[in-house]
Amino acid sequence: MLADRSLHLPPASPQASGAVQRDYYGVAEAAAVLGVSRMSVWRWIRSGRLTAARLGPRTTRIWREDLERFLAEQERDTINPLGNSSGGPRVAPEERLADQGARRSSWREGGSADHVVQFYETDRSLLEAVSAYIGAALRAGQIGIVIATDAHRAQLEARLRADGLDLEAAQTGGQYVALSAAETLAQLMVEGQPDAGRFAEVVGSLVAGAAESGRRVRAFGEMVALLAAEGNHAAALRLEALWNGLQQVHAFSLFCAYPLAGYDQASAVLFDQVCSEHASVIPAESYTRLKDPDARLREIARLQHRAAALEAALAQRTRLEARLRRSEQELRDFVENATEGLHWVGEDGRILWANRAELELLGYPAEEYIGRHIAEFHVDQETIEDILCRLTNGEELHGYEARMRAKDGSIKYVLINANVYREDGRFIHTRCFTHDMTAHKLAAAAALRLAAIVESSDDAIIGKTLEGRIVDWNSGAERIYGYTAAEVVGQPIALLIPDDRPDELPAIMARLRRGERIEHFETERLTKTGRRITVSVTISPIRDHADQIIGVSAIARDISERLVLERMQRDLLAMVSHELRNPLTAIKGLAQLMQRRGAYNERALQGIVAQTNHLDRLVGDLLDVARLEAGRLELQCEPLDLVALVAENVEQAQAQTQAHALRLEAPAASVPGCFDRDRLNQVLQNLLGNALKYAPGGEVVVSLTTDSAEARISVADEGPGIPPEDAPKLFERFYRATATADGAKGLGIGLYVARMLVEAHGGRIWVEPRPRTGCEFVFTLPLGTTSTPGDET
Amino acid sequence: VPAEAHGTRTVLVVDDDAWIHETLTMALEDEGYQVVTAADGQQALAQLDRHRPDVIVLDWMMPTVNGPAFAEELRRRGFHPGIPIVVLTADGNARSKAEQIGATGYLRKPFELPHLLEQIARLTHD
């Protein structure tokens, strides 16, 4: 039973403020004033310790002076563990009674078996309370038992000695027993819980021994506080219960102390349970220090407000924490499970963290990636050096292309977006996004390859919509049809189709829409200039991923030339048969004629010889073509005079004809040069022969002129001439002019051979356009540096 | 037509090769034929204005108006199939070419001179 010397009795009526003094109190009011139960008051009244007037069966009054007296008596026998220092001013009981209204709990002794819990904020307060509690017991000749921490025990004993108590004598006399809380607790504990048997053995026997002496016993214990501090709340409560049980057996007063700092929100339940295990609860010193009841009320109100505010703040904080946790969880999930590779690299280039996508991209488990230098995973060392250098210098990277090597050795093409997280300007780590574009890169490379193939194709490759509108147009198409892509993209493909084939396109499109493919379809198309060409077209439907037909591809090859060539080859065979067999026919016929006549015939033999020579030339021409095409023609050049050479050929040609008049115009007396005589004769014979063959008669003018670099020789006749459209083809192999007056005879290789021979000499050959009639063939021959053509004219 | 009036058989040789003209002329004249020559179909048509041949020896491949074109013109003018034709060709399809224009005979160049003379004899003595 503890008394507070600072207590002041309040006005007896709760409604009355401290200003009104009451003369008497009811039992309930007295209990409230004393901070005890009404049963305690009744007990004191019945035992005669507290005087009360029974005014009726329901009315009991306790006079003010009786209550004050009771308080005074109690004070003598009471220790206030948290009371002011004994040196403080003593307050009259009347005052206390008058100011007692604020008290709701009290350490007033209710009996020798009281179980009080003291909360404290500072060790100093605790020691003051305990030293008063134990000191009063020792001074009153009672027994004091202390089971405290070693530190508290030492300080407590120092205080008691300072208060003039002879502890050694008290100990010797069994009046003072001090035990180490930790050691004693250790003796009680079995598997983390205080054992009832051991408690009875260790503590019970100690208390029993003290109680048997007949003296009052006061005990102070801190073992529960130790358990609570360990977080072993169940054990603390269990130990409190054991103490309570012991109090049922032995009458002793027990004072427990818990540091207030030992409680947090989580131990609120423990706090309540600890309080309920004790008969009396003494608040910590910040409350008990207040003397003024009004101040105490204000403090309670303040504490209530603070508690409410803290509860609210706590609830708010709990909500915020939950939200924060959720938000953090979401963020963690986002970065950890994002489909984009993410990593952090420290300033030293080592990988600090990487998410799942990054690890999966490269195929490494985290432990083989994190902690390694990022450069180990890059294919191009200068690239990663550049990246780290830029980041270190504060640059941000956007879409930086790099190649990384996966664990399986494959190369990953990535786009890096990164910057650096800094604290106070210090490089903490990079924020690096690694975007995998390998598939895209490979697809793009494949697309580029395909585009290059399409573009380099000689064939026209055209993409069209199902409606027949052009969407793609390669350079082959440009070459074949003459339109540029810019001109035709967006145009209907009908642009290329001749008017006389109106049904072709609808039929083709209908087949394509049915998914059919049209292969090597030979047809005619119109070029930009309106020229008809023969093409072989393969047309296929283009399907998307879902196998839907979304367009049409057409690959067209211009087979006009091939057809011409094929026709030319057919014609050539016929021509060769005709040209070779005609002389053979004449030879054979002339020979058989002589056989029939059985006589020598000069004319027949002339014919045989002439036709044999003709055959020889034809064979020679064919062999020349073969040699020229095989690149095996070799010129046998010698110094000669072109004027003389041309003059000889003109004379020979004139000898063959009466229908033509040949004339040589050569301003120079001589034009020396180095040429293959036989080959130049061949060229001249060909040109002169053509003139005689194609022009039925008239003049044939051969001219030889020179300038500083070359000689120019031309052969002009008065024949029907050459249609301009045929002019470029004249020098092609197996080409024969179509419309000529005297018929086309020969293999169609003469001009081709002539061109090859002129070009072998370094010259050129062409047909001069003639506005009206006749034709003029011209060829040039380069003159050597030693020749001086102009001087000799 | 004067040649027929004298009972002499006339052969028109249409070929663009001068030496073939000369060879056939000598051989046919040895056999008593009158020979008329032309270098192509056009000249041959001109000869028809002056002569009425009993047989035409026709080269297939000629400039300007070739063998088939000439045969068609003959048909148009009513001379063919009245006048038998012997086709001369340098390639292997002599028979089909002969049939194509309804020719009576054909020879592949270089032909056997006696064969030609036999065919002409047969055609002129029927």
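Helices (H or I, at least four residues) and strands (E, at least two) are DSSP runs, numbered from the N terminus. The structure is a predicted model, in which local features need pLDDT of at least 70, side-chain atom pairs count only at pLDDT 80 or more, and totals for chains, interfaces and linings use all residues. Residues are numbered from 1 along each chain as its sequence is written, chains are lettered from A in the order in which they are written, and side-chain values use heavy atoms, with hydrogens and water left out.

**Figure 1. Overview of chain A.** Chain A holds 26 helices and 28 strands. Of its 793 residues, 44% count as buried, a term that denotes under 20% relative accessible area, with exposed over 50% and partly exposed in between (1.4 Å probe, protein chains only).

**Figure 2. The end of helix 10 of chain A.** Helix 10 of chain A spans residues 223–230. Its buried residues are M223(A), V224(A), A225(A), L227(A) and A228(A). After helix 10 of chain A comes G231(A), with a positive phi near 90°.

**Figure 3. The crossing of helix 8 and helix 10 of chain A.** The axes of helix 8 (residues 181–188) and helix 10 of chain A come within 9 Å and cross at roughly 80°. Helix 8 of chain A is therefore roughly perpendicular to helix 10 of chain A. Here axes are lines fitted to C-alpha atoms, for helices over the stretch in contact, and angles run from 0 to 180 degrees between N-to-C directions; angles under 35 degrees count as roughly parallel, over 145 as roughly antiparallel, 65 to 115 as roughly perpendicular and the rest as oblique.

**Figure 4. Residues between helix 8 and helix 10 of chain A.** From helix 8 of chain A, A181(A), A182(A), T184(A), L185(A) and L188(A) meet M223(A), L226(A) and L227(A) of helix 10 of chain A, a contact being heavy atoms within 4.5 Å.

**Figure 5. A three-stranded open sheet in chain A.** The strand order is 1-3-2, with antiparallel pairing. Strand 1 (24–25) and strand 2 (53–54) of chain A each have a single partner strand, so one side of each is left without a neighbour in the sheet. Strand 1 of chain A and strand 3 (residues 60–63) of chain A run antiparallel and are joined by two bridges; two strands pair if DSSP finds at least two bridges between them. Y24(A) stands opposite W63(A) in strand 3 of chain A.

**Figure 6. L34(A) in helix 1 of chain A.** L34(A) belongs to helix 1 (residues 27–34) of chain A. This leucine, L34(A), is buried, with a relative accessible area of 0%. L34(A) and L67(A), 33 residues apart in sequence, are 9.4 Å apart in space, C-alpha to C-alpha.
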